Amino acid sequence: MTISMEATASLDQGPPDDAVDLLAMMLRIRMFEDKVMDLFSQNLVRGSTHLCQGQEAVTVGVCSTLRPVDTMTCTYRGHGAVIAKGAALDACFGELLGRVGGLCRGKGGSMHFADFSVGAIGSNAIVGAHLPITVGAALASSYVGDDRVAVSFFGDGATNIGAFHEALNLAAIWKLPAVFVIENNQYGEYSPLRATTPIDRLARRADSYGIPGVLVDGNDVAAVRSVAQSAVQRARAGDGPTLIEADTYRQVGHSRSDPATYRPAGELDRWLAKDPILLLEQSMLARWSEADLDAVRQAAQHDVDVALETALAMPEPPLDELAKDVWA
Amino acid sequence: MSDEINYRKVIAVALADAMREDDSVLLLGEDVGAAGGAFKTTAGLFEEFGARRVRDTPISEQAIVGAAIGSALCGLRPVAEIMFADFAGVCFDQIANQLAKYRYMTAGQAHLPVTIRMANGAGAGFAAQHSQAAENWFLSIPGLKIAVPATVPDLYLLLRAAIRDNDPVLVFEHKNLFALKGPIPRDAEPLRLGVADVVRRGSDVTIVATQQMRHRSVEAAELLAQDGIEVTVIDPRTLIPFDDEAVRASLEQTARLMVVQETVQAGSWGASLIARMVQHHFELFDAPPMLISTPDTPAPYAASLEREWLPSVDDIRISARDLVNW
């Protein structure tokens, strides 16, 4: 397996200097997702939703290396990625609730969070479909000669769909400034990776495109960030794309209708013991007190609660919104 | 308007003019660059604009359309080529679920000035997977404009309009019209998408047809004129938006409507047009509307079978006479 860049940092070496910011963002995402579960039970969210508890270190670690002008695409399990890229929590809740103050004026919902003002240029509900679009975003940077980078998050399942192959191949031959991040949460919908995929390490697929493939502990936010930094630098320097496999775990079912009974006994507990927030907090205790951490938790909970309150007060979209935005 | 050129060659003229006008216009597709295109429709562009703006891709239709979408989201004005329109099946998701819906799902945050050019249509013996009138696949997906040019000036003007348009436009170039000649309308007013061309006027029957069928309808109309039957032929030029008003206005005169198309009836633009006209203008009809389509089979290969499959000048002439005599 080609691993041209390895994590040069990890939480084992102590917490990053900006650990408080990283923890705050991861907690906001966790608390947001927990709140979404509540809203579902109250029938306030329509359709389906796909939550990312347990995967926060991947999106937060990667997005902490990006600027607002760098673009990011993600999947329908994308609330965390869009929040990590900088979207406002109240507009995120508003979108879930189908309110006019939502990110997409209530026209996209859970699976289509997008906030172009922070570079979150689309969550996609078709597995793998955003990878070719990411290639296009990277092409635009290369074409105009700026140093923007295009990052894409997608699941392990997406590495088995054709769009993955077409996108990585094209990005590689054109040496585009793209970073492809597999959130390997071990399951494609209800099926474990080993049942659908003949190799155990997805980063090996990078070999097919002659690009670096990097495996990283996706629950270690410092490690994720260090490999993301290298990949982003490589992209900005014009050296082409990187495939990162971030090993992590989906602590909840595929969607709200999935109790995840197919998981072997003990698996969830093993992963909960290395929950990314827990790992970061344990590392932080070397430099911060439990009271400090508690203050971060409370502030995050406050942000989430206030955002939800704001969103609940937003009106529904006026009916003339229906026919808007089909055409420019 | 002095230079005569053929339908095949006017494509590169329109693309070059668009690229000279706007540096954000770039071309993507299989062999569009150094090779000048599988149909030589992009010949000379690579030499003038270079590999940065005229980009050869792998045989990866999803990546071609996806790259066009992503680059448009980030400020470019890409023109993607899908070599044969039939290959749109390979990237149907990118066109139907991504390109068409992106703007709506993001409440207007996304801008998608994307043009997709595709060679389509039957009559040249390319058989079932390279001969379809694939524009019909996209009629029920809001968010896509569809242009179906039949003449050299229309192809030039519609391609220019598509590239300037801030919405996604699918431009279907008919393979069997490549040799057709006509002027380059460089001095003409820019064409607005959604304006039909009333090709000829007559008071007995209105025939609506596009591309190859437009030319066959005109030929049939000239034969019918010898028998004293006066035909209006309308070429809508774009299917979305569709110039319903041009058809309605003509029906006021003729009270008889025939649509001729190069595809099966089900899910076709002709069926949709007739449904709209009957629903909204029933009082204008003196006879049932007539839809001339292909048989419900894939496009066949053999010359005799393909000739039989496509609506012919005679099919149109005889059916139009029946309609007038109804």
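Q: What makes two strands count as paired in this predicted model?
A: Two strands pair if DSSP finds at least two bridges between them. Strand 4 (residues 178-184) and strand 8 (residues 242-247) of chain A are joined by six bridges, so they pass that cut-off of at least two. The two run parallel, and A:E183 stands opposite A:A246 in strand 8 of chain A.

Q: What is the strand order of the open sheet in chain A, and how are its strands paired?
A: The six strands follow the order 2-1-3-4-8-7, with parallel pairing.

Q: Why do strand 2 (120-124) and strand 7 (213-217) of chain A stand at the edges?
A: Each has a single partner strand, so one side of each is left without a neighbour in the sheet. On average, neighbouring strands here are turned by 20 degrees against each other, direction ignored.

Q: Which helix lies across strand 3 (150-155), strand 4 and strand 8 of chain A?
A: That is helix 6 (residues 162-173) of chain A, running at about 150 degrees to strand 4.

Q: Why is A:A195 called exposed?
A: Exposed means over 50% relative accessible area, and A:A195 has 59% relative accessibility, so the word applies. A:A195 sits in helix 7 (residues 193-196) of chain A.

Q: How much area do chain B and chain A bury between them?
A: They bury about 3400 Å², 63% of it on carbon and sulfur atoms. In chain B, the residues losing the most area to chain A are B:Y104, B:M105 and B:Q109, together 20% of what that side buries.

Q: How many salt bridges and polar contacts link the two chains?
A: The salt bridge count is zero, while 19 residue pairs are in polar contact across the interface.

Terms used. Residues numbered from 1 in each chain as written. Chains lettered and ligands numbered in written order. Predicted model: local features only at pLDDT ≥ 70, side-chain atom pairs only at ≥ 80, totals over all residues. Heavy atoms only, no water. Helix = DSSP H or I, 4+ residues; strand = E, 2+ residues; numbered from the N terminus. Axes fitted to C-alpha atoms, helices over the stretch in contact; angles between N-to-C directions. Contact = heavy atoms within 4.5 Å. Buried < 20%, exposed > 50% of the residue type's maximum accessible area, 1.4 Å probe, protein only. Buried area = accessible area lost by both parts, 1.4 Å probe. Salt bridge = Lys/Arg side-chain N within 4 Å of Asp/Glu carboxyl O. Polar contact = N/O pair within 3.5 Å; in protein donor to acceptor, adjacent residues only side chain to side chain.
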